[in-house]
Amino acid sequence: MEPFEPTIVAFVCNWCTYTAADLAGTSRLSYPKNIRLIRVMCTGMVDPQYVIKALLEGADAVLVSGCHPGDCHYINGNYKARRRIRLLKEILPRFGFEPERLRLTWIGASDGIQFAEIMRDLTSQIRAIGPSQTRQTMII
Amino acid sequence: MSDLYKLVIPDEGVLAGLRRFFRSILELESIQAILAPVQLPMKPSVMPALISDPDQIDHCDPLAPSFPLNAAKVVSQLTRNPIGGTVAVFLRSCEIRAFIELVKLKQGTLDEVVIIGMDCPGAFQNASYRRFVQSCTEDPGATFFNQIQKKDTAFPGNIDLAEACKACEHFTPDGADIAIGWLGMASEDHFLLKGQTDRGLDVLKQLKLPEAAAPLMRHGAIADMLAKRLAYRDDMFATTHAATSNLKKLTAYLADCVNCYNCRVVCPVCYCRECVFVTDVFDHDASQVLKWSQRRGLVKLPADTVFYHLTRLAHMSTACVGCGQCSNACPNDIPVMELFRSVAEKTQNAFGYEAGRSVDDAPPLSVFRENEFEDVVGIKGE
């Protein structure tokens, strides 16, 4: 059997984490191909529904990543994102999703090295906890 | 000066006493109309109605154990724009709490309403209410209330109060301007009227009612009932959690759902004019549905059932007041209220919030602070 390779959906903000991903790329830093980046203008627009949809569609983990507190291009979108993640952390584990499968990080535009490191760490953590329950369950 | 008055119960009974009280309010120059449950003439259905003619007050049926809809939505409609006067609204406690949520969501205002509430005796689900009416020889509301006052909940034909009511810890009308109290009242000749706000007190003063002394037994009676309700509620939470603690169980719990969205339509706090589930966002192309089928071998249709319920929990559980209309409206008897309330308890606690408590508490997702919830940030330390 092939070793388990997780699929991780990452909602990254245009101004910080996406720029960091870009920097990691132009700096020729490698990070796992398990990460599927979805660029959004701000983490403040990541409605819980998109996180839930990604998990139900088979993502083994979802990462939301934006600007450091105080650095949000739209002043406070990341603070709103943090509340939504707090909310989802209350809901998803009730239904058997391990808390590790939903993560929030702040990765600034100049943090290319950190971006690659965090993606590597996250991937190995999710690889360690194994596939999400959605892979074995018929989703209605 | 006391804030307690007597609502006199005449020989004709509680129903007559309440109707007289409502009539006296309606006859005040400052009150243009009163919203209250009304017995429809064409069928024994009870629906909210806006009564402006005092001579129509005898249609009003505040004791009927019927709860076909959460009237907070109606009050929201009445107060979204200036109504041109002041209306009194008689609401159940969960309707008051839902209305408070709607006010905070800018779907109504408290400016032109006087809220009247009463210790809630509970209600039946729609089908049970219809059976109860058939079993009654006298007025159903009065029959029901008479039995509830004696703490007797064994109704004919094994009809039971709605689960939401049995698990309700907010039976006293804390958010009302005027509270009508009957729990723990030693005397049978009057109920307690309490002005809980300046507006409520002002109305009561105009009515020139006899003042009442503080009832000694009331506090204990409320505490007893609260303890029973909390125990029932916590059992319900535990059972529901055990039945839904992973995705496999949750899909079994929701398996009969046909995506009718009734639970959302009747939900008093689901206020979006256009819910995301009726927009194009999740109105998937046929080719997408085929892809799902091919990926997993089959796809149940309509799809997105679990997705819908989880999303509704994320969007609205912080505002859930536990009225139980979702369960009442489910055509397939899915215990939606139990699921919603047990998650709402967690999400509201997470933000130190209690839906319907006060217009001064901001809804959790409408505000933020700079330094908070730092434990959810980062990929270490889970």
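Aromatic pairs are the theme of this tour: a search of the whole structure turns up 20 of them over all chains. Keep in mind that you're looking at a predicted model.

**Stop one.** Select B:Tyr261 and B:Phe277. Their rings make a tilted pair, 6.0 Å centre to centre with 45 degrees between the planes. Now trace the chain around them. B:Tyr261 is in the loop between helix H9 (247-253) and helix H10 (262-266) of chain B, while B:Phe277 is in the loop between H10 and helix H11 (286-296), so this pair ties together parts that are 16 residues apart in sequence.

**Stop two.** Stay in chain B and pick B:Phe351 and B:Phe373. This pair is edge-to-face: 85 degrees between the planes and 5.4 Å centre to centre. Both residues sit in the segment after helix H14 (336-350), and they are 22 residues apart in sequence, so the pair ties those parts together. Check the surface here as well: B:Phe351 has a relative accessible area of 14% and is buried, and B:Phe373 counts as buried at 17%.

**Stop four.** Which charged end sits over the ring of B:Phe307? Select A:Lys53 and you'll find its charged end there, 4.9 Å from the ring centre.

**Last stop.** Over in chain A, select A:Arg39 and A:Tyr18. A:Arg39 lies over the face of A:Tyr18, 4.9 Å from the ring centre.

Definitions and conventions:
Residues numbered from 1 in each chain as written. Chains lettered and ligands numbered in written order. Predicted model: local features only at pLDDT ≥ 70, side-chain atom pairs only at ≥ 80, totals over all residues. Heavy atoms only, no water. Phe/Tyr/Trp six-rings, centres within 6.5 Å; stacked < 30°, edge-to-face > 60°. Helix = DSSP H or I, 4+ residues; strand = E, 2+ residues; numbered from the N terminus. Buried < 20%, exposed > 50% of the residue type's maximum accessible area, 1.4 Å probe, protein only. Lys NZ or Arg CZ within 6 Å of the ring centre and 35° of its normal.
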